Amino acid sequence: MKSKLWIFTLLVTAAIISGCSESSSDSNGNAMEHSNMTEEEMADMEGMDHSKMTEEEMANMENVHASHTNPLPLNDSTGENELALPPLLEPKNGIVDITAQKGTSEIFEGVQTETYGYNGSYLGPIIRIKEGETVTFRTNNKLSEPTTFHWHGVDIPGEGDGGPHQILEPGATEDVKFTVNQGASTLWFHPHPEGATAEQVYKGLAGLIYIEDENSKKLSLPNEYGVNDFSLVFQDRQFNEEKQFDYQAVLNEDGTIGDTLLVNGTLNPKLTVGKEKVRLRLLNGSNAREYTFKLNNGEEFQQIATDGGLLNEPQSMKEITLTPGERAEIIVDFSKNDGKSEIALVNKEDAILLPFKIDEERTNSVEISNTLNDYAVTEEEINLPVTKKLELYGMGAAVTINGKQFDMNRIDFKQKQSETEIWEIFNKPDAMGGMTHPFHIHGTQFKIVSIDGKEPPVSLQGWKDTVAIEAGQTVKLAVKFNNKGIYMFHCHVLEHEENGMMGQVEVF
Ligand SMILES: [Cu+2]
């Protein structure tokens, strides 16, 4: 009985703390500000007489947790708007200027939505840099609140990583200079200030980084940006009646989701492609929603890259799942499409994410290279002992790593520069089963050595910086930092990160 009561208390607490259920909105559609409640009020709510609850109320509470395995469905894209393509930005005299700013965006026709963006009103450019090149990211904060610039997936000294320690006050400018030390990949950047990451990303702060190298130049892959090589940033949002973002109103402590999908900031997008092989670089830039991408006709596509680099060989598959923070590059062959049947990227529930329009005039004959990379997990790495153990646990506001919540003044681990260590991460199930946590480490690309003792699937046999760990799973990673400094590791469900599912490793 005692444990049952505990489960119940957990549920009630979650329902109170979480903004997940619709019942947390009042009749005007305004969400209650739980954060303004006094401790006494909270205690009063927790002390409610549960025995008088109706079955419906009980069911609602269960939905708080269940909604993460069966979340609010996405609306189909009507395909009425051509997809926006972010501008490419390359260094000029070694310098890349990036400004975080406020703006308004016409997401819905005739309506201005207040948004954030980099060098624009929503999202940011694609910064294109080359391996071996020394670059300076000149970061400027034109917001009216502090922010940071975090380079997700970039092998960069800790002082330039843009974690919560590297706050840039409004009006401030800072140069981040480093030498690009990794191979061809699709990375990204977003803010990381403590307590405001989730909201700033939600309002639109995110951009991509393309790294090119000598190997990738020699390969036969579609690489004409905006012609046969596209980036797709997937973000679900919940708009209020005025078609604005009201993050605080829709905030869910277990991950904020919405019913409206934006791809590259475009509502109801379609993408016009040639009758040819096309490369799609997918980023899950959502706060919490995961996507299983499929083609609506059930046909195969080929995966060519993971988060941090090319796979060794193109991998044929029918679906690929990306949790928040993860990327993949895929090749879709439109050459066999007759142009009459509808073709679209859909999710697991068959919601239309991105319909394609075929331009019959556009063709190429790119034969995809069979060998793309020389990634390997070595025997030595497989045989290394586990030297760092992490346990992810809890839900809502009570998420922890090794029983602790984030403390900016506490270093959780130390690791020697250039030395590979095995990190073993266990996602401990909770009373409700638990959630998948996308686990991300800053400042490095790691290798997945095993998942539950087994070799990872081929689609994960490549450089990674974020790995989805399901409830009950144990994942072993080979982790090496090439630079020194303090780096974050955390769950990339941004609300879990905000709630303290984050720690720090000092590389010395
Ligand atoms: Cu999480």
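What share of the contacts in the protein chain with a separation of 6 or more comes from residues 24 or more positions apart? Such residues account for 79% of those contacts, two residues being in contact if their C-beta atoms, placed from the backbone, lie within 7 Å.

The model is predicted: local features need pLDDT of at least 70, side-chain atom pairs count only at pLDDT 80 or more, and totals for chains, interfaces and linings use all residues. Residues are numbered from 1 along each chain as its sequence is written.

**The whole chain**

Begin by displaying the protein chain, whose secondary structure comes to eight helices and 32 strands. These are DSSP runs numbered from the N terminus, helices being H or I with at least four residues and strands E with at least two. Of the 508 residues, 46% are buried. A residue is buried if 20 or more other C-beta atoms lie within 10 Å of its own, exposed if 12 or fewer, and partly exposed in between, with C-beta atoms placed from the backbone.

**The nonpolar core**

Next, select Ile209, Leu232 and Leu282, which touch the most other members of the largest nonpolar core, a set of 104 residues. Strand S31 (residues 485-491) gives the most to this core, with five residues. A nonpolar core is a set of buried Ala, Val, Leu, Ile, Met, Phe, Trp, Tyr and Cys residues joined through C-beta atoms within 7 Å.

Centre the view on Leu232. Beyond its neighbours within four places in sequence, Leu232 is in contact with Val263, Asn264, Leu280, Arg281, Leu282, Leu283 and Leu354.

**An open sheet**

Now select five strands that form an open sheet of mixed pairing, in the order S25-S32-S31-S27-S29. Its edge strands, S25 (413-415) and S29 (466-469), each pair on one side only. The twist averages 25 degrees from one strand to the next, with axes as lines fitted to C-alpha atoms and angles running from 0 to 180 degrees between N-to-C directions.

Select Gln415 to find Val507 of S32 opposite.

**Two loop residues**

Most residues other than glycine have a negative phi. Asn268, in the loop between strand S13 (266-267) and strand S14 (269-274), has a positive phi of about 50 degrees. Finish at Asp350, in the loop between strand S21 (343-346) and strand S22 (352-359), where phi is near 65 degrees.

Is each residue buried or exposed? Asn268 counts as buried because it has 20 C-beta neighbours inside 10 Å, whereas Asp350, with 12, counts as exposed.

Conventions. Two strands pair if DSSP finds at least two bridges between them.
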